[in-house]
Amino acid sequence: MKHKKLLTIFCIVALLWSTAAPALANSATDPIGAATTIFQLYLTEGAQGELRLNTNVAGKSPDAENYMDTALNLSTRLMPFSLDASMQYYANTNPTTFFVKFRGREYNDLNSQVQNKAKEIVADAQMYTTDYEKLRYINNYIIDNCEYVSAAVKNPEQYHTAFTIYGCLGEGKAVCEGYANTVQLLCEMMQIPCIKVTGTAYGGNHIWNAVYLNDKWWMLDVTFNDPVGLQDSSDRWSYFLLDLDTFQQKGTHTYDKTHYEHSKEIYTGRTTGQKSVSLPFANLSMQNSVSGDIPDPRYLTDIGAVTATPEQPDKQQPSDHQSTDTTAAEKATEAKAQALKEQGLFMGDEKGFRLKDSITRIEMGVMVMRMNGGLTAIKENSSYYESACPFTDVPQWARSSIGYLYDKKLAAGQTATTFGTGAVTKQDYAVMMLRVLQIEHSYQDALAIAVTHGILTEAQASSGTAATRGDIVDMTYATLQLMNEQQQQTATKEENAA
């Protein structure tokens, strides 16, 4: 009996296959071997035609389908695009033979426009002599020429190119998968071993890269290096070639270490199912990096012919730099609190601003109301907004403020009748700020998107869930600046239209 199943891996644009049948037909004893065969086909045949794959699995669903699902999942981490595969197989044979054919879409990750642009970037990168410098160039090029499209996270079908190399290099707009695929393609063209790593960041689905340098594997997340919004340019090095200890200590990413090791195993040619396969980077070490093996990229003055670029700060001793940053950060937050007070948005008491204390949801709501011009509206029609508040736990003094937020769809309660009077989490406030800015998000990925737009730093996002009054000040101040930028952009468009 013939079965057919549509397997969509990461729901992304695929590679276009021709009708020519490849010479490669192989046997695989496990999904790792099957993934290796698919990868080998891409390397030797340009991923064209139909792959015939003999396996040792019995041909009944769901075992057979799970087998190929795992194989396709693994193989897509090794190629600079993602797979949208229609799989056919015969279930009445033992072993089962699979016929895998990949279907293209309108915006092919490896079309001529993408290839030509990638060749230009690679040619420019050849001015550098070491792979380290070339990786730094790739990191900077993508950051400087691609914008993270947060709306695509919630509406992937509307922004399908944002998940592809075409979106990153052709349109200059992408999400993490577009960034990661682009890094992988450029690395492949420069003969720098590179794979993709899938997992989560701040609780939302995420994808980034691992690259091979100096006989070891390092984590590279260009998406998180992209200094969007109010981030300082030095943020572009936060996730550049991190050893595993440093990467894990950041506490922002999670991933399946077994899948990661399998990806390296396939890439280096050390697979249990395909021991005889010959891959271009076969026999690479699978060793992970050790802390301190590679210096901070901001301070490159003694690697190859590299000299510090204009955006890189002068070298400082780590301990001095850390203590200075801590003091400077506290002073900066204090100054922001004062600025917000002068605008009537943030108030202290007889004890000052109390920036290390927590803030309640009611206090947060009043602050957001003031940010959105609610004072004038409430003054003109206080009774209306007071009656618009459906929450029984809101005190009288705050009912018109919370009613205003509810009426304008800027805030919701924890239940239909309760707003919540406890402490605010950073995720709660990130949701509020993204609503104010009308940036697409979900509650799950609010922190990641807020970091991307510079509403809060990655250190704030990963250092506990509760928000301090200082966190609220920083996030509010950043949001106000983004609001000003949005208003200026709107005014410019209106002027140009006129």
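View 1. Contact means heavy atoms within 4.5 Å. The model is predicted: local features need pLDDT of at least 70, side-chain atom pairs count only at pLDDT 80 or more, and totals for chains, interfaces and linings use all residues. Residues are numbered from 1 along each chain as its sequence is written, and side-chain values use heavy atoms, with hydrogens and water left out.

**View 2. The largest nonpolar core.** This core has 92 residues. Met-219, Leu-405 and Tyr-429 touch the most other members. Helix α16 (residues 426-437) supplies the largest share, eight residues. Another core lies apart, with 40 residues. Leu-135, Tyr-137, Ile-142 and Leu-213 are among them. A nonpolar core is a set of buried Ala, Val, Leu, Ile, Met, Phe, Trp, Tyr and Cys residues joined through side-chain atoms within 4.5 Å. Buried means under 20% relative accessible area, exposed over 50%, and partly exposed in between (1.4 Å probe, protein chains only). Helices (H or I, at least four residues) and strands (E, at least two) are DSSP runs, numbered from the N terminus.

View 3. How many of the 12 residues of α16 are buried? The count is 11, so the helix is largely enclosed by the rest of the structure. The buried residues include Lys-426, Gln-427 and Asp-428. Tyr-429, Met-432 and Leu-437 are also among them. These buried residues pack against α12 (361-371), α15 (399-407) and α17 (446-452). They also pack against α18 (458-462) and α19 (469-497). From first C-alpha to last, α16 reaches 16 Å, close to the 16 Å expected at 1.5 Å a residue. The expected span is 1.5 Å times one less than the number of residues. Gln-438 follows α16 and has a positive phi, near 60°.

**View 4. A stacked pair, Tyr-202 and Phe-224.** The ring centres are 5.8 Å apart and the planes are at 15°, so the pair is stacked. Rings of Phe, Tyr and Trp (its six-membered ring) pair if their centres lie within 6.5 Å; planes under 30 degrees apart count as stacked, over 60 as edge-to-face and the rest as tilted. By this rule the count comes to 20 aromatic pairs. Tyr-202 sits in the loop between β8 (194-201) and β9 (204-213). Phe-224 belongs to helix α8 (residues 222-225). The pair links distant parts of the chain, 22 residues apart. Tyr-202 is buried at 11% relative accessibility. Phe-224 is buried too, with a relative accessible area of 10%.

**View 5. A tilted pair, Trp-208 and Phe-247.** The centres lie 5.6 Å apart, with 40° between the planes, and the pair is tilted. Trp-208 is in strand β9, and Phe-247 is in helix α9 (residues 244-250). The two residues are 39 apart in the chain. Both Trp-208 and Phe-247 are buried.

**View 6. The aromatic cluster and two lysines over rings.** Which residues form the cluster? They are Tyr-202, Trp-208, Phe-224, Tyr-239, Phe-247, Tyr-255 and Tyr-260. Lys-250 lies over the face of Tyr-239, 4.6 Å from the ring centre. Over the ring of Tyr-255 sits the charged end of Lys-257, 4.8 Å from the centre. A charge sits over a ring if NZ of Lys or CZ of Arg is within 6 Å of the ring centre and within 35 degrees of the ring normal.

View 7. The structure holds six salt bridges. A salt bridge is a side-chain nitrogen of Lys or Arg within 4 Å of a carboxyl oxygen of Asp or Glu. Lys-117 bridges to Glu-120, with the closest N and O atoms 3.6 Å apart. These two residues are three apart in helix α3 (residues 112-125), so about one helical turn separates them. Lys-117 is partly exposed at 27% relative accessibility, and so is Glu-120 at 46%. In helix α10 (residues 257-267), Lys-264 and Glu-261 are likewise separated by about one helical turn. Their side chains meet at 3.4 Å, N to O. Is Lys-264 buried or exposed? Lys-264 is buried, with a relative accessible area of 0%. Glu-261 is partly exposed at 32%.

**View 8. The salt bridge of Arg-354 and Asp-357.** The closest N and O atoms are 3.1 Å apart. Arg-354 is partly exposed, with a relative accessible area of 25%. Asp-357 is partly exposed at 33% relative accessibility.
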